[in-house]
Amino acid sequence: MTHPSRPFPWVGLLTLSTAIFFMVTSEFLPTGLLPQIAADLDVSEAQVGLLITIFAGTVVLTTAPLAALTRRFDRKHLLLAVLVLFAIANVGAAIAPDYALLVVARVLGGLAHGLFWAIAGAYSGHLVPRHQIARAVAVTSGGGTAAFVLGVPAGTALGTALGWRAAFGVIAAIVLVLLVLVVRFLPAVQHRPTLSTGEITLPARRDPTFPAVLFICLLVLIVVGGQNVFYTYIAPFLIDSAGFAEASVGALLFVYGGAGAIGLVLAGFLGSRFPRGGLYGMLGVVAAAVAGVGLSAGVPLLVIALLFVWGAAFGGIPTLLQTRLLHTASARVRDVGAALLTTAFNVGIGGGAAIGGALFVVLPTPDLALVQAAIIGFGLALLVVVDLVRARRAPAVIADDDEADESSVPLITGSIVLPEHPARAQHERRDPR
C-alpha cells in the first residue's frame, strides 16, 4: 500500500478513471443507438433494450463469484486480463451478424464489467493511505460521472454518424490503448495481508468486518433502488407533468448530470473530513429535493432548480458509500466487498426500475418522486440508527466521529462488540488442540 509520505498517485488513479469511463459508456451505449441497432438486425426496439438488462443481469450473477475465485491473483495482471476480455466483447458487438451473437458479446462484456468493478472498486484503497481514500475514490468515480455526461452522448453521436458498429469498434480500440497505459502508469498493489507463522486466512464470511460490509450493501440496495423508482421515468414526468417540450429533456438531463459532477467534487471533500455527516447530509438533501420536484410539477423554474440540487447531492452519494465500505472492510475482504457493492448497485438499478414500472401504471408520475423520497428517507433513518447503536456500544469512541478516523470505531455484530483494528491486524490462529 502507498506510504503516506509518497505523493498522491494522480496518474494511476486517472488511468483507472479513464477505464471506468469507457466501461460505463459501453454498458449504456445501446440506449442511445437503439433504433439503429434494431433496424440493422431486424429486431424490435424492446429486444435491443434487453441488451442493457442482459448486461446488468450478468454483472449481478457473476461479480461476487468471480471476485471470490480470483482474489488470489495479482490485481494488476487480473485487471489487464479483464480489459482484454472487454475489448474482445466490444469487437464481438461491432461485428455481430445477428442478435444472438450480439447477446453473447453483451454477456462477455458483463462478465468483464463486473470483475473489473470488483478490482477497480478496491484498487484505490490499496494505492493510498486511509485518510486519502475518499479523495482517491472521488477521482476514479469521476470516470463514471463523465461517462453519463459525455461518454454516452458522444458514443451516440458517433454511432449515429458512422453506424452503431463503429461506436463499439472505437471503444474496443481505445480499451487496447488503455492496456498500455495500465502497464505503464498503474502501480501494482499488495492486496493480500501477510500472515504470521501459524496463522491461516479466514473465509470472508468469518471476517469481523463482514457484517458491516453487508449492511453497506443493503444501504446501497435501498438508496439506489429508491433513486431508480422515479429517475427511470423522469422523461415522462418532465414532459407530461412538468410541461417541458420533448426536445428539452436532453438539456434538462444534462443539467442533472452536470450537477452530479459538482456533487462528486463535494464528496471528495466531505468524505475526507466528515465521512458520516457528509453522507447523512447528501441523503437528506436528495430526499428533500426529490420530494420538492414531485410537489412543484406546475412550476418549471423550480423543477429545474431542484433537479440541479438533486443531481448535485446524489452525484456524491456513490462515492461516499464506496468510501465507507473501504474504510470499514478489512484488507482481506475489500475485493469481495467491492464485488458485493457492484452487485448491490446493479440489483438496485434493476429492482428500482421494476418497482417504478409497477407503480407507474397506477400512480401519477409526481407521486413516484414522493415514493423515492420516502425510500431514501428510510435509508437515511436506518443508517443513523445503526450508527447510533454502534456508538452506544463503543463508549470509548471519540464523540465527534466525523473528525475521527473511522478505523478506530468498533463494529457491532449482533450483541458482540468487535474492535476493528485487531481484526485487520490478525488472522484466526489454529487451535493447538
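This is a predicted model: local features need pLDDT of at least 70, side-chain atom pairs count only at pLDDT 80 or more; totals for chains, interfaces and linings use all residues.

A: Start with burial. Buried means under 20% relative accessible area, exposed means over 50%, and partly exposed is in between (1.4 Å probe, protein chains only).

Q: Good. Aromatics next. How many pairs?

A: Ten aromatic pairs. The rule takes rings of Phe, Tyr and Trp (its six-membered ring) with centres within 6.5 Å; planes under 30 degrees apart are stacked, over 60 edge-to-face, the rest tilted.

Q: Take Phe116 and Trp117. What geometry do their rings have?

A: Edge-to-face, because the planes of Phe116 and Trp117 sit at 80°. The ring centres are 6.1 Å apart.

Q: Is Phe116 buried or exposed? And Trp117, buried or exposed?

A: Phe116 is buried, at 0% relative accessibility. Trp117 also counts as buried, at 18%.

Q: What about Tyr231 and Trp310?

A: Tyr231 and Trp310 are an edge-to-face pair too, with 6.0 Å between centres and 85° between planes.

Q: Where do those two sit in the chain?

A: In distant parts of it. Tyr231 is in helix α8 (residues 210–231) and Trp310 is in helix α12 (residues 300–328), 79 residues apart. Helices here are DSSP runs (H or I, at least four residues), and strands are E runs of at least two, all numbered from the N terminus.

Q: How accessible is Tyr231? And Trp310?

A: Tyr231 comes out at 25% relative accessible area, so it's partly exposed. Trp310 is at 0%, so it's buried.

Q: Which rings join Tyr231 and Trp310 in a cluster?

A: Phe230, Phe237 and Tyr256.

Q: What does Leu321 touch beyond its sequence neighbours?

A: Leaving aside neighbours within four places in sequence, Leu321 is in contact (heavy atoms within 4.5 Å) with Ile216, Leu219, Val220 and Leu279. Take Leu219: Leu321 is 102 residues from it in sequence, but the C-alpha atoms are 8.6 Å apart.

Q: And Thr323, what's its setting?

A: Thr323 is in helix α12 as well. At 2% relative accessibility, Thr323 is buried. Beyond neighbours within four places in sequence, Thr323 is in contact with Ile133, Ala134 and Val137.

Q: Switching to charges. How many salt bridges?

A: Three. The test is a side-chain nitrogen of Lys or Arg within 4 Å of a carboxyl oxygen of Asp or Glu.

Q: What is the partner of Asp40?

A: Arg165. The closest N and O atoms of Asp40 and Arg165 are 3.0 Å apart.

Q: What does that bridge tie together?

A: Two helices. Asp40 lies in helix α2 (residues 34–41) and Arg165 in helix α7 (residues 164–185), so the bridge connects parts 125 residues apart in sequence.

Q: How accessible are the two ends, Asp40 and Arg165?

A: Asp40 is partly exposed at 43%. Arg165 is partly exposed too, at 26%.

Q: What does Arg324 pair with?

A: Asp387, with 2.6 Å from N to O. That pair also links distant parts of the chain: Arg324 is in helix α12 and Asp387 in helix α14 (residues 365–392), 63 residues apart.

Q: Are these ends buried or exposed, Arg324 and Asp387?

A: Arg324 is at 7% relative accessible area, so it's buried. Asp387 is at 3%, so it's buried as well.

Q: And what is the bridge from Arg390?

A: The side chain of Arg390 meets Asp387, with 3.6 Å from N to O. Arg390 and Asp387 both lie in helix α14, three residues apart, about one turn of the helix. Arg390 is buried, like Asp387.

Q: Which residues end up in one network?

A: Arg324, Asp387 and Arg390. Salt bridges that share partners join them.

Conventions: Residues are numbered from 1 along each chain as its sequence is written. Side-chain values use heavy atoms; hydrogens and water are left out.
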